[in-house]
Structure formats: C-alpha cells, structure tokens
Amino acid sequence: MLEKINSQELQLIIDLRYAGTNNICQKKLYHQDYSLLHPEAYAKLKIASQIARKQNLKLKIWDAYRPIEIQQFFVDFFANDLNKKNFF
C-alpha cells in the first residue's frame with residue numbers, strides 16, 4: 001500500500017507538474033494534487049528531510065508514484081511525434 005506524502009510533517013515542498021498544465025505535455029494528467037510513495041521510500045524520505053532541515057534546506061518533490069495509465073500516456077505522447085522523441 002502506498003502512503004500519501006505529508007509535506008507539512010516532512011517540511012518539504014511538493015510541486016507536481018502533472019497535476020496542472022505547467023509541464024512538457026501542457027496537459028493536466030493527475031487527477032489529484034498529492035504524491036504517493038512506497039512505505040520504505042517514505043521512511044527514507046523522512047530521514048533525508050531531517051538531514052536537509054539540519055542544514056537549513058528543504059527538499060522539493062517534482063514527481064512521485066506515477067500510475068500505469070499516465071506512463072502509457074507518456075509512451076504514446078513521445079513515440080508518436082519525432083520532434084518530441086528527440087526532446088531528451
């Protein structure tokens with residue numbers, strides 16, 4: 001089961017570009033504006049956030065768990081346009 005990342009608890013910034021239109025696809029792909037993470041990864045993120053705070057820094061999450069239908073969208077989006085295919 002995946003856990004919802006609590007940005008307030010971890011004192012980090014979440015900027016999910018695919019929850020809005022400010023992204024390479026210029027489309028809103030995520031229906032929710034929160035991030036999910038595997039419990040083991042969440043525990044490591046918590047430690048990393050604590051280390052960052054000790055140095056007066058904050059972590060920023062740009063993306064997290066990506067549902068399979070969104071992954072398929074990216075495959076289709078980039079594979080069908082040669083200009084986009086060479087973007088990366």
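Predicted model: local features only at pLDDT ≥ 70, side-chain atom pairs only at ≥ 80, totals over all residues.
A residue counts as buried when its relative accessible area is under 20%.

As for the overall build, the protein has four helices and four strands, which come in the order β-α-β-β-α-β-α-α along the sequence. The radius of gyration is 15 Å, whereas a compact globule of 88 residues would come in near 12 Å. The C-alpha trace spans about 45 × 30 × 20 Å along its principal axes. Of the contacts between residues at least 6 apart in sequence, 68% join residues at least 24 apart.

Now to the charges. There are 13 positive and 9 negative ones, with mean positions 6 Å apart. Side chains of opposite charge can pair when their charged atoms come close, and the structure holds four salt bridges. One of them pairs Glu9 with Lys46, with 3.3 Å between the closest N and O atoms. This pair links distant parts of the chain, since Glu9 sits in helix H1 and Lys46 in helix H2, 37 residues apart. Glu9 is partly exposed, at 37% relative accessible area, and Lys46 is also partly exposed, at 34%.

Asp15 has two partners to report. Arg17 bridges to Asp15 at 3.1 Å, and Lys60 meets Asp15 at 3.7 Å, N to O. Lys60 belongs to strand S4 while Asp15 lies in the loop between strands S2 and S3, so this bridge ties together parts 45 residues apart in sequence. Through shared partners, Asp15, Arg17 and Lys60 form one network. Arg17 is partly exposed at 28%, as is Lys60 at 39%.

How values were computed. Residues numbered from 1 in each chain as written. Heavy atoms only, no water. Helix = DSSP H or I, 4+ residues; strand = E, 2+ residues; numbered from the N terminus. Rg over C-alpha atoms; globule rule 2.2 N^0.38 Å. Contact = heavy atoms within 4.5 Å. Lys, Arg positive; Asp, Glu negative; His and termini not counted. Charge placed at Lys NZ, Arg CZ, Asp CG, Glu CD. Salt bridge = Lys/Arg side-chain N within 4 Å of Asp/Glu carboxyl O. Buried < 20%, exposed > 50% of the residue type's maximum accessible area, 1.4 Å probe, protein only.
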